[in-house]
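Dear colleague,

I am passing on the structure below, together with some notes on what I found when I went through it. Please read the notes with the coordinates open beside you.

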Amino acid sequence: MATPSLVSRAAALVRETAVRWPETAAHLGLYVDRCLDHGPAARAILYPLVTGLLDGGPTPVRTALAPVLAAPGAPASRPLRRELLEFLLTHEHDPAVLDALLHTAGRRDDDEIRDLVHRTGRLLVRTPAGATRFDRGLVDLGRHVPGFAALMARWLADTPEDWAAVVGPSTRRMIENLAGVGVPA
């Protein structure tokens, strides 16, 4: 079992490596993904390591970790993934990281997709650049992920008040066109 000081030193080493060699961030994401699939046994090491990286770590590392945490993963990994994803959603403001999260959320096929897409949108629309990025991300997902445009159109039609503040009018029309259905204005 790793001691807290060892985990802290390991997180610092990983952070320093990612700052010096940003191209290692993707490898770190793959490593964390595999470790998460070990289930609760990995929590003692992964939780402090990943939260340390998410809290002020380099953007490439946070961008690589966002899709890992948003992915469903193995059943044993889901509680820790959810907990770490919640940490990310509570602390993250960088549009690049949130965009990576959106693109992963849009490819999920479960009951949590709507809330994750909506919550990511609420975080992105805090700035004009983030709002533009969110709209572009939705259209991109609508074009490239089978069924996403129809799903998004249904959410827009079912609860327009929830989406009015995060989805721009031109994006609504584009989603409508991609889905081939009418979305009320």
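Asp-99 is found in helix H6, where helices are DSSP runs of H or I with at least four residues, numbered from the N terminus. Asp-99 is buried, with a relative accessible area of 16%; buried here means under 20% relative accessible area, exposed means over 50%, and partly exposed lies in between, with a 1.4 Å probe and protein chains only. Not counting residues up to four places away in sequence, Asp-99 touches Leu-124 and Arg-133, a contact being heavy atoms within 4.5 Å.

Before going further, please note that this is a predicted model, in which local features need pLDDT of at least 70 and side-chain atom pairs count only at pLDDT 80 or more, while totals for chains, interfaces and linings use all residues. Residues are numbered from 1 along each chain as its sequence is written, and side-chain values use heavy atoms, with hydrogens and water left out.

Ala-100 also has its place in helix H6, which covers residues 95–105, and Ala-100 is buried, at a relative accessible area of 17%. If its neighbours within four places in sequence are left aside, Ala-100 is in contact with Thr-63 and Pro-67. Between Ala-100 and Val-68, which lie 32 residues apart in sequence, the C-alpha to C-alpha distance is 9.9 Å.

Leu-123 belongs to helix H7 (residues 113–124) and is buried as well, with a relative accessible area of 12%. Beyond its neighbours within four places in sequence, Leu-123 is in contact with Leu-89, Glu-92 and Leu-98.

Helix H8 (residues 128–144) has 17 residues and reaches 24 Å from its first C-alpha to its last, close to the 24 Å expected at 1.5 Å a residue; the expected span is 1.5 Å times one less than the number of residues in the helix. The buried residues in H8 are Gly-130, Phe-134, Asp-135, Gly-137, Leu-138, Val-139, Leu-141 and Gly-142, and the buried residues of this helix pack against H6, H7, helix H9 (148–158), helix H10 (160–163) and helix H11 (169–179).

Phe-148, leaving aside its neighbours within four places in sequence, is in contact with Gly-106, Ile-113, Val-117, Leu-138, Leu-141, Gly-142 and Trp-155.Turning to charged pairs, side chains of opposite charge can pair when their charged atoms come close. With a salt bridge taken as a side-chain nitrogen of Lys or Arg within 4 Å of a carboxyl oxygen of Asp or Glu, the count comes to 12 salt bridges. In one of them the side chains of Arg-20 and Glu-16 meet at 3.4 Å, N to O, and because these two residues are 4 apart in helix H1 (residues 4–20), about one helical turn separates them. Arg-20 is exposed, with a relative accessible area of 55%, whereas Glu-16 is partly exposed at 40%.

A salt bridge also joins the side chains of Asp-37 and Arg-81 (3.0 Å, N to O). This pair links distant parts of the chain, 44 residues apart, with Asp-37 in the loop between helix H2 (25–36) and helix H3 (43–54) and Arg-81 in helix H5 (residues 78–91). Asp-37 is partly exposed, with a relative accessible area of 33%, while Arg-81 counts as buried at 1%. Asp-33, Asp-37 and Arg-81 are linked in a network of salt bridges.

Asp-94 and Arg-62 form a further salt bridge between their side chains (3.7 Å, N to O), again linking distant parts of the chain, since Asp-94 is in the loop between H5 and H6 and Arg-62 is in helix H4, 32 residues away. Asp-94 counts as partly exposed at 21% relative accessibility, and Arg-62 is buried at 10%.

Lastly, the buried residues of H3 are Leu-46, Leu-49, Val-50, Thr-51, Gly-52, Leu-53 and Leu-54, and H3 is followed by Gly-56, whose phi is positive, near 90 degrees.
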